[in-house]
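I opened my notebook for a first walk through this structure. Here is what I looked up, entry by entry.

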Amino acid sequence: MKRKAFVATLAALLIANAQADTVGLYLGGQIWQSEASGVFGEKNTLSDFNLKKEQQSNYFVVVEHPFPLLPNVRISSTTLDTTGKTNSTQEYSDDNETSHVDVHVDFDVDASFNVSYVDYTLYYELFDNGLFSFDLGLTARDFGGAVTEMETANIVTTTRDRIWDGEEHDEHDYHNITEITKAVTTDKLKTNEIEPMLYVAGNISLPSTGLSVFAQGDFLLIDDHSIYDYQVGLGYDLVDNRMMDLNLTLGYRAVDMELKDLNTLYTDLDFKGVFVGVIARF
């Protein structure tokens, strides 16, 4: 549903750009090789699933205009998908007059973290002299997706029945029964919440080189959560003419999410890694 809204917004912005030559339209995307680490789950049951390194995607559309009192608009969509696994073992015994029971349980938990968010940002260019620019604004981060945990319990139960006939018996005289069972449970936590964030961006152009240095970040303003999302990198002007500008980017991005009760989801996760991207300006 969010992707459809994103496409509809993009179409509207393209029409607006065609009708107003003074409006700048930016379309961009990134491929991000992120390494995930940390824990997540429900309250008091956070687990480290040894998360895998995965390739993430980000794409965005930006509209800038010459009207000083109206904010510029930026809409960005980011996916954070990864999987992992953890295991543990429990053993316990029960002893009574007629039998002795040993229980051995192996727990295997497969986790899937599939969370995305769409950022709706309104910002102002506080400074732009052609060589240096600085933007400041507000972002509404709309979370969506789900976290799934599938637990498989392999249970081995050994029961030793005692023989009581007034005589002593060794261990071989006991009657042993071993049972092997498996239990599978699935727990799914859905995320659907909007968080307000501060948006900051800056760019420094290096004259006569086609290169630029940029930084951008979103930081949570309020609430019990702690979220930051920043990137730094280099840009290179591959195409620069009256019809279109095409810029290649290379950089480093980091997302840290300490969520407390986001629709019962708790996390302390980091996604960090290198990205490559492209930005087209019409």
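**Entry 1: the pocket.** I started with open space, and I keep in mind that this is a predicted model. The largest pocket holds about 1200 Å³ of space. I then asked which residues lie nearest the centre of this pocket. They are Tyr-26, Glu-64, Ser-133, Asn-203 and Ile-279, out of 45 residues that line it. Strand 6 supplies the largest share of that lining, with 6 residues.

Entry 2: Next I looked for cavities and found 1 of 30 Å³ or more.

**Entry 3: the whole chain.** I stepped back to see the overall plan. I counted 1 helix and 10 strands. Of the 282 residues, 36% are buried. The chain exposes about 16100 Å², and carbon and sulfur atoms supply 56% of that area. I also looked at contacts with a separation of 6 or more: 67% of them join residues 24 or more positions apart.

**Entry 4: strands side by side.** I followed strand 10 to its partners. Strand 1 pairs with strand 10 in the antiparallel sense over 16 bridges, and here Ser-37 stands opposite Asp-270. Strand 9 also pairs with strand 10 in the antiparallel sense, over 16 bridges. In that pairing, Asp-245 faces Arg-281 of strand 10. Strands 9 and 10 form a hairpin with 2 residues between them. I noted Asn-263 in the turn, which has a positive phi of about 55°.

**Entry 5: one residue up close.** I picked Phe-275, which is found in strand 10. Is Phe-275 buried or exposed? Phe-275 counts as buried because its relative accessibility is 0%, and the cut-off for buried is under 20%. I then looked at its surroundings. Ile-31 is 244 residues away from Phe-275 in sequence, yet their C-alpha atoms are 5.5 Å apart. Setting aside neighbours within four places in sequence, the contacts of Phe-275 include Gln-30, Ile-31 and Trp-32. Phe-214, Gln-231 and Val-232 are also among the contacts of Phe-275, as are Thr-249, Leu-250, Gly-251, Tyr-252 and Arg-253.

**Entry 6: the nonpolar cores.** I ended with the nonpolar side chains. The largest nonpolar core has 26 residues, and Phe-40, Leu-80, Phe-113, Met-257 and Phe-271 have the most contacts inside it. Two or more residues each come from strand 1 (24–41), strand 4 (99–128), strand 5 (132–161), strand 6 (175–206), strand 7 (211–220), strand 9 (245–262) and strand 10 (265–281). Strand 4 gives the most to this core, with 5 residues. Apart from this core lies another, of 6 residues, among them Val-23, Leu-25, Val-61 and Val-118.

Not counting residues up to four places away in sequence, Met-257 touches Leu-80, Phe-113, Phe-143, Ser-226, Ile-227, Thr-267, Asp-268, Leu-269 and Phe-271.

Technical notes: Residues are numbered from 1 along each chain as its sequence is written. This is a predicted model: local features need pLDDT of at least 70, side-chain atom pairs count only at pLDDT 80 or more; totals for chains, interfaces and linings use all residues. Side-chain values use heavy atoms; hydrogens and water are left out. A nonpolar core is a set of buried Ala, Val, Leu, Ile, Met, Phe, Trp, Tyr and Cys residues joined through side-chain atoms within 4.5 Å. Buried means under 20% relative accessible area, exposed over 50%, partly exposed in between (1.4 Å probe, protein chains only). Helices (H or I, at least four residues) and strands (E, at least two) are DSSP runs, numbered from the N terminus. Contact means heavy atoms within 4.5 Å. Two strands pair if DSSP finds at least two bridges between them. Accessible areas come from the Shrake-Rupley method with a 1.4 Å probe; for residues, only the protein chains shown count as cover. On a 1 Å grid over the protein atoms alone, a cavity is a set of points where a 1.4 Å probe fits but cannot get out, and a pocket is an open set with protein on both sides within 12 Å along at least five of seven lines; lining residues have an atom within 4 Å of a point. Grid points are joined across faces, edges and corners, and a volume is the space filled by probe spheres set on the points.
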